[in-house]
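Visitor: Could you walk me through this structure, starting with the strands and then moving on to the rings?

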Amino acid sequence: MSKKLIKARKYEKEISRHIQGKKPIFHVVAPIGWINDPNGFSWYEGKCHLFCQYHPYSTQWGPMHWAHYCTKDMISWELLPCAMAPDESYDSEGCFSGSALVLEKDHILMYTAVSEKTNADGQRYSIQQQAIAIGDGEQYQKLEQNPVITSDMLPEGCSRKDFRDPKIWEENGIYYALIANQSELGEGQVLLYSSRDIRHWIFVSVFDNSGGKYGKMWECPDFFCLDGQELLLVCPQFMQADGLAFHNGNNAVYFIGKRDAELKKFIRSEAKQIDYGTDFYAPQTTLTPDGRRILIGWMQNWDNRVCPDSFNWCGMMTIPRELSLQNGCLLQTPIRELLNYRTQETKYSKVVLSEMQGEVQLDGVSGRCLDLTVIFTTEGCLAFKIKLASDGKKIGTYLSLDIKKGILSLDRTYSGMRQDVLTSRSMYTDTCHETVKLRILMDYYSIEVFANNGKDVMSMLIYTPIETDKIAFSCEGETEITVEKYNIEVKK
């Protein structure tokens with residue numbers, strides 16, 4: 001084990017005992033310091049493993065390590081020792097994002113190794129290449145042959161600086177790696193490589209290219225089959241907003257399509273946004289032993305980093321989400337295992353609200369670690385609003401739906417933050433039925449909204465004081481609401 005990895009493990013073990021700022025309870029959070037992209041999301045030896053980009057020594061992005069967690073149900077997570085550190089010449093500037101697969105009894109991690117070199121003019125430049133580590137679920141050894149996919153293996157017209165985030169999988173005895181890249185024309189694309197032994201790789205094709213339409217760099221690709229169709233997930237940078245979509249400078253989108261007969265190109269539909277909130281990026285998926293496709297993402301965004309100065313940890317992941325397709329759209333719902341952690345049920349049925357009442361609070365409907373479902377009628381209702389994490393006065397985060405326009409908005413302008421950051425996002429959702437159903441998860445500092453049975457999703461961070469836990473309902477016109485609320489408790 002290298003000195004850098006020993007140092008990181010010792011540091012996280014000792015310093016994480018002295019956490020400043022209470023941590024969320026049913027989401028993956030940084031052990032100490034900083035985490036971003038989820039990596040290596042996979043099942044191995046009966047447990048789900050998740051790795052994350054990790055800088056233990058500050059709450060800012062830095063030389064990337066890999067944090068490591070495991071779980072049996074994707075709700076109660078165990079922190080394992082730091083899995084990788086930037087301790088080789090080829091990854092001295094960081095072990096960037098990657099993925100995992102199982103090969104017989106080995107857990108295979110493929111990641112981007114970043115180093116720097118100096119050219120003839122004395123200028124330093126970055127090199128991104130792909131490397132592999134093999135382990136047993138806790139200890140991982142980097143291959144002597146690393147890097148296994150070098151920058152020299154790039155075809156003409158491809159950037160050697162932006163070549164990262166491999167997605168690895170096996171199919172019919174052949175291993176494939178889909179790697180994010182930027183063309184020399186400034187177009188986002190993904191490149192396909194193949195191997196018969198995970199150590200020796202060849203270039204196959206430019207699997208897909210933005211054609212100048214979807215950003216200038218594609219990060220964090222994922223590729224999988226779902227309900228009989230093939231999906232490609234990418235994270236375009238520098239996209240232009242289109243209506244209510246693609247407002248984050250770093251977006252996460254999905255394409256539905258199919259490979260051509262020779263597995264060289266992806267023929268796809270138009271891009272659709274995965275999550276409309278301010279805080280969502282770099283999603284990665286895995287397949288559970290019982291066949292469910294599960295997605296998890298980084299609940300933050302490069303354009304919108306939020307972390308209180310008093311905290312010595314920064315970063316969390318979304319709730320794992322079950323994926324399905326319906327009428328050409330991706331549906332996301334909180335993983336069903338969350339139901340096992342519900343406590344203190346509170347229910348109300350057919351409560352009449354009118355705008356004359358103003359904000360209405362219901363006994364037992366409050367909290368900051370909860371699973372809340374609200375169903376309300378649309379006839380006679382012009383707008384519906386839920387005030388979350390409220391002090392009963394000015395502080396609160398508003399979830400509001402304009403019934404006529406069909407626009408659902410989440411606004412943290414008055415959530416108590418003292419940083420000048422993006423505060424609101426909106427998305428279209430279906431209001432043409434007799435009722436609208438909203439499911440809301442809160443875990444101290446996060447809000448995840450699932451509308452229209454998970455077709456429309458928003459994730460947002462709030463750093464409102466934890467004791468600020470009131471919830472209030474209001475409307476324009478009149479409506480009838482049904483409420484089902486549970487606390488979420490996870491015993492450590």
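What follows is a conversation about strands, sheets and aromatic rings.

Guide: Before we start, this is a predicted model, in which local features need pLDDT of at least 70, side-chain atom pairs count only at pLDDT 80 or more, and totals for chains, interfaces and linings use all residues. Residues are numbered from 1 along each chain as its sequence is written, and side-chain values use heavy atoms, with hydrogens and water left out.

Visitor: Okay, is strand β5 enclosed or open, and why?

Guide: Strand β5 (residues 94-103) is largely enclosed by the rest of the structure, because eight of its 10 residues are buried. Buried means under 20% relative accessible area, with exposed over 50% and partly exposed in between, for a 1.4 Å probe and protein chains only. Strands here are DSSP runs of E with at least two residues, helices are runs of H or I with at least four, and both are numbered from the N terminus.

Visitor: And how does β5 pair with β6?

Guide: β5 and strand β6 (residues 106-118) pair in the antiparallel sense over eight bridges, where pairing requires that DSSP finds at least two bridges between two strands. Glycine 94 stands opposite valine 114 in β6, and in the hairpin of these strands, which has two residues between them, glutamate 104 takes a positive phi near 55°.

Visitor: Switching to sheets, what is the strand order in the five-stranded one?

Guide: That open sheet runs β4-β3-β2-β1-β20, with mixed pairing. β4 (78-84) and β20 (313-314) stand at the edges with a single partner strand each, so one side of each is left without a neighbour in the sheet. Further in, strand β2 (residues 47-55) and strand β3 (residues 65-71) pair in the antiparallel sense over seven bridges, and phenylalanine 51 has histidine 68 in β3 as its bridge partner.

Visitor: Which helix lies across those strands?

Guide: Helix α1 (residues 3-15) lies across β2, β3 and β4 and runs at about 160° to β4. Contact means heavy atoms within 4.5 Å, while axes are lines fitted to C-alpha atoms, for helices over the stretch in contact, and angles run from 0 to 180 degrees between N-to-C directions.

Visitor: What about the four-stranded sheet?

Guide: It is an open sheet in the order β18-β19-β21-β22, with antiparallel pairing, and the twist averages 40° from one strand to the next. Within this sheet, strand β21 (residues 321-326) and β22 pair over six bridges, and the bridge partner of glutamine 326 is cysteine 329 in β22.

Visitor: Now the rings: how many aromatic pairs are there?

Guide: The count comes to 24 aromatic pairs, taking rings of Phe, Tyr and Trp (its six-membered ring) whose centres lie within 6.5 Å, with planes under 30 degrees apart called stacked, over 60 edge-to-face and the rest tilted. One of them is the edge-to-face pair of tryptophan 66 and tyrosine 111, at 6.2 Å centre to centre and 70° between the planes. Tryptophan 66 lies in strand β3 and tyrosine 111 in strand β6, so the pair ties together parts that are 45 residues apart in sequence.

Visitor: Are those two buried or exposed?

Guide: Tryptophan 66 counts as buried at 0% relative accessibility, and tyrosine 111 is likewise buried at 0%.

Visitor: Last one, which charge sits over the ring of phenylalanine 255?

Guide: The charged end of arginine 268 does, 4.3 Å from the ring centre, under a rule that wants NZ of Lys or CZ of Arg within 6 Å of the ring centre and within 35 degrees of the ring normal. Lysine 7 lies over the face of tyrosine 57, at 5.0 Å from the ring centre.
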